[in-house]
Every structure is written in C-alpha cells, then in structure tokens.
Amino acid sequence: MPQIAAQIKPLVRAVHPRLPRGSGDPSQMQPAALGKLRQNSEPAMTASAPTRITLPRPDDWHVHLRDGAMLQAVLPETARDFGRAIIMPNLVPPVVTTADAVAYRDRILAALPQGADFAPLMTLYLTETTDPDDLAAGFASGLIQAVKLYPAGATTNSASGVRDFDKVRPVLERMAEIGLTLCVHGEVTDSDIDIFDREAVFIDRVLDPIRKATPGLRVTMEHVTTKNAVDYVRANDDDLAASITTHHLMINRNHLLVGGIKPHYYCLPVAKREEHRLALVEAATSGDKRFFLGTDSAPHTDPNKLSECGCAGVFSATNTMACLAHVFEAEGALDKLAGFASENGPAHYKLPVNQATITLEKQTDPAPFPAQIQTGEGPVTLFNPGYPLMWRVV
Ligand code: NCD
Ligand code: ZN
C-alpha cells in the first residue's frame, strides 16, 4: 500500500522544487497560501503529549454507503472503526418508505464482513408525499432513527427532495410529537444565491422558520461548513445539534481551488473560507455536546469525480479517525475527541454510548493508508489531507 507521504512529497518537490519541505504546495494537496493552516495543523510536540488514547467505539452520524458493488467495497471501511452509522437514504431511487429502509438495512447487513461490530441506523428520505403514519411506524419499530430533508436539487441524488416546505408541515409536526430527529442538508438551491452563501441563507430562510413553526422538533444540521451554522447552533437549545465532517475540519476553499482544481476536495456543502474552518475546529474541539462527527463519507468512482461535471463527495471512511486525532492533537484537545466522535452523537439521538472501545496510537512513521480503494464500480480515491497522518487505530 503506498503511503500518503510517499505519494505527496515527491510530487511537491517535482512541481515546486524551491518550496521548502513541508511548506505546502498549491498545485497539489497542500496550498502554500495556507501557511497558517499548515502551522495550525502541526501538532505541538511536547514531552507530555499523549501518544495513545482509548475512546468508546465511535459512530458516524452521516455516511453514504450506496448499494450493490459499491456498498460491498465501502461498508468494511466504515465498519472497521465505527460501531454505528446514520445511513443516508439518497439511493436511486431513494429510501422513502419504512419497507424501503427494511430492504436496504438487510442489504447492508448481508454485505457486512463476518464478525463486524457495526449496526446501521436507517433514515427515510423526506418527500412531499411522505406518509406520517408510515414514518411513525418505522420509528416505533426501532428501525428508523432519523428523517432526511434534502431541498430538491441541493446535492447528489436529491431530485425527489422538498420544493414546497408547507407540504411537509404535517410530517414535521408528527416528528416533533414522537421525538423523531430531522437531519437537514442545509443549503438553499435558488440559482441567484451564491454557492458559498447557500448554508447561511438556508438558516435564515428555511431552517429558522421551520423550527419556529414546529416547536420541539429535534434537528441535526448536517455537515455544517460555516461559522454562521456554529453560531446558530450555539444560540439555540438542545433540540438542535450539528454534525461536522472530517474534511471540513481540514480543508478550506483555497485547498479546493488554489493552484488548480482538486476534484477530490469537492463536496457539498462546498468548503468555505479559512475563518469558517477555524470555527468548525473550535466547535468540534470545544467539548460542546451539540457538535459531533458525521463524516459525510460519500464515495464516487474516480471517473465520476474526474469528469467535466464531477460528482460532489469526499470519501473519508478509511482514515477519518487518524485525521481526527491529528486535528484534535494540533488543538491540544485530544481529551475532547471521545466527546466529538463517540459520546455527543448518541446523546443527541438518545442512544447509549458504545461499550466497545478503540485505541489510537501515534506512530513514528506516517500511517499507511491506500490512495484509493478498489470497488466493483471502479477505484475510489481516499481523502488525503495533504500531509502525513501519524495516528493509527491499533
Ligand atoms: C453526497 C453524495 O455524494 O451522496 N455528496 C456530498 O458532496 N456530500 C450528498 C450529500 O450529502 O450532500
Ligand atoms: Zn452526505
């Protein structure tokens, strides 16, 4: 398996021979314009810094496992380190009824490697014709853990999403009544709203009105990417929480766009300015229970990413825990990693923390992650933060 460092460093030197080692490279994964990020990313090496930590087995509160050959290939990557995951329902066609979710859950269980310690938590895709009784029955049976709201057209496979929010009001009211969580892809889709503003505008125009009209509705703002979202969560009560992805803690929009476009950093919501990334890191490492991990690991094959109209999605299931250890260590907050990855999510979803544990160890050599995983549909490139990852799940 090629090591990330081995792949990146020769490229850095080949393209920018005058760049000092480790200063980053705009044409590759580590733009020089982000010297500040690079410094922030260098873990402080002090004699007392822990080099081994044990956490309750983490959960992933937002993952795309897909179906068929792709499911077969990516599920083991999630099941290796995670005890449970909220499974996104944006298949084609989407998972809209409890019967669809039962069938999808069974396909996931059938694809699990033998002996895996992993439970899928199923979601329903909210449409304008969702039946409140079906959803309530799915929740009562213990199968359905959340309902996913995609504004129509916001992201990959969201064509069946909601256009007219008044049409889903009865469903939302029922959810508030029974305590079923609404997971929200928080971006407006209006063509006149700039893509970098779509999350902030969604909060004002859609989310806040929905929450005010539906008191008691439990909401997860998924994969938040802005300081606006962090501030909105902080300004509200415990019915509202937010998941944060691995990659949004590590990249900003310069990483995506400076020195050449990096299709493997393109996802939705798109990475924002550095000030927003810093707000996410602060929220994730603060210990505030309302912020937890949702990787949004979203595999697309390389041909689909590296195309004239490339798909949105970052695949990070394989190395998320190594990435998070890096980020939390750099903040001097390794003691907050268990909260973010293992405890705050279950608290929001009113589930117990996993009893099993995982241990992360800091290595003297970069942890060997593959550049890609092979799937029956083609290769899928793994998220590469652009610097070596020294932590490994042992
Ligand atoms: C997701 C996908 O590929 O399904 N893509 C992404 O960029 N995050 C959809 C989503 O969660 O928005
Ligand atoms: Zn997603």
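Me: Where is L360 found?
Reply: Helices (DSSP runs of H or I, at least four residues) and strands (runs of E, at least two) are numbered from the N terminus. L360 sits in strand β10, residues 357–362. This is a predicted model, in which local features need pLDDT of at least 70 and side-chain atom pairs count only at pLDDT 80 or more, while totals for chains, interfaces and linings use all residues. Residues are numbered from 1 along each chain as its sequence is written, and chains are lettered from A and ligands numbered from 1 in the order in which they are written.

Me: Is L360 buried or exposed?
Reply: A residue is buried if 20 or more other C-beta atoms, placed from the backbone, lie within 10 Å of its own, exposed if 12 or fewer, and partly exposed in between. L360 is buried because 25 other C-beta atoms lie within 10 Å.

Me: Which residues does L360 touch?
Reply: Two residues are in contact if their C-beta atoms, placed from the backbone, lie within 7 Å. Leaving out residues up to four places away in sequence, L360 touches I53, M321, A325, W391, R392 and V393. L360 also lies 8.3 Å from L55, C-alpha to C-alpha, although 305 residues separate them in sequence.

Me: What share of the contacts in the chain is between residues 24 or more positions apart?
Reply: Counting contacts with a separation of 6 or more, that share is 71%. The chain has 13 helices and 13 strands, and 49% of its 394 residues are buried.

Me: Which residues touch the most other members of the largest nonpolar core?
Reply: In soluble globular proteins, nonpolar side chains tend to be buried together. A nonpolar core here is a set of buried Ala, Val, Leu, Ile, Met, Phe, Trp, Tyr and Cys residues joined through C-beta atoms within 7 Å. The largest one has 101 residues, and I87, L124, V147, L182, I244 and L280 touch the most other members. Helix α12 (residues 320–330) gives the largest share of this core, seven residues. As for V147, its contacts beyond four places in sequence are T123, L124, L126, L135, M175, L180, L182 and C183.

Me: Where is the kink in helix α3?
Reply: The bend at a residue is the angle between axes fitted to the seven residues ending there and the seven starting there. In α3 (residues 68–81) a kink of about 30 degrees lies at V74, shortly before the proline P76. The buried residues of α3 are M70, L71, A73, V74, L75, E77, T78, A79 and D81.

Me: Which residues are buried in α8?
Reply: An α-helix has 3.6 residues a turn, so residues three or four places apart point the same way. In α8, N228, A229, V230, Y232 and V233 are buried. Their cover includes α7, β7, β8 (240–244) and α10.

Me: Which backbone angles need a second look?
Reply: Most residues other than glycine have a negative phi, and most peptide bonds are trans. R66 is not a glycine, yet its phi is positive, about 60 degrees. R66 is in the loop between β2 (59–63) and α3. H223, also not a glycine, has a positive phi of about 35 degrees, and it lies in the loop between β7 (219–221) and α8 (227–234). The peptide bond from V92 to P93 is cis, with omega near -5 degrees. The bond from L268 to P269 is cis too, with omega near -5 degrees; P269 is in the loop between α9 (253–257) and α10 (274–285).

Me: Which residues surround ligand 1?
Reply: A residue is near a molecule if its C-beta atom, placed from the backbone, lies within 6 Å of it. Ligand 1 is surrounded by H64, N90, T155, T156, H185, C267, L268, D296, A298, A312 and G313. For classes, Ala, Val, Leu, Ile, Met, Phe, Trp, Tyr, Cys and Pro count as nonpolar, Asp, Glu, Lys and Arg as charged, and the others, Gly among them, as polar. The shell has four nonpolar, six polar and one charged residues.

Me: What is the average pLDDT of the chain?
Reply: pLDDT is the predictor's confidence in each residue, from 0 to 100. The chain averages 89, and 88% of the residues score at least 70. Over residues 1–40 the pLDDT is below 50, and this stretch has 64 contacts in the model beyond near neighbours in sequence. Where pLDDT is low, the predicted coordinates should not be read in detail.
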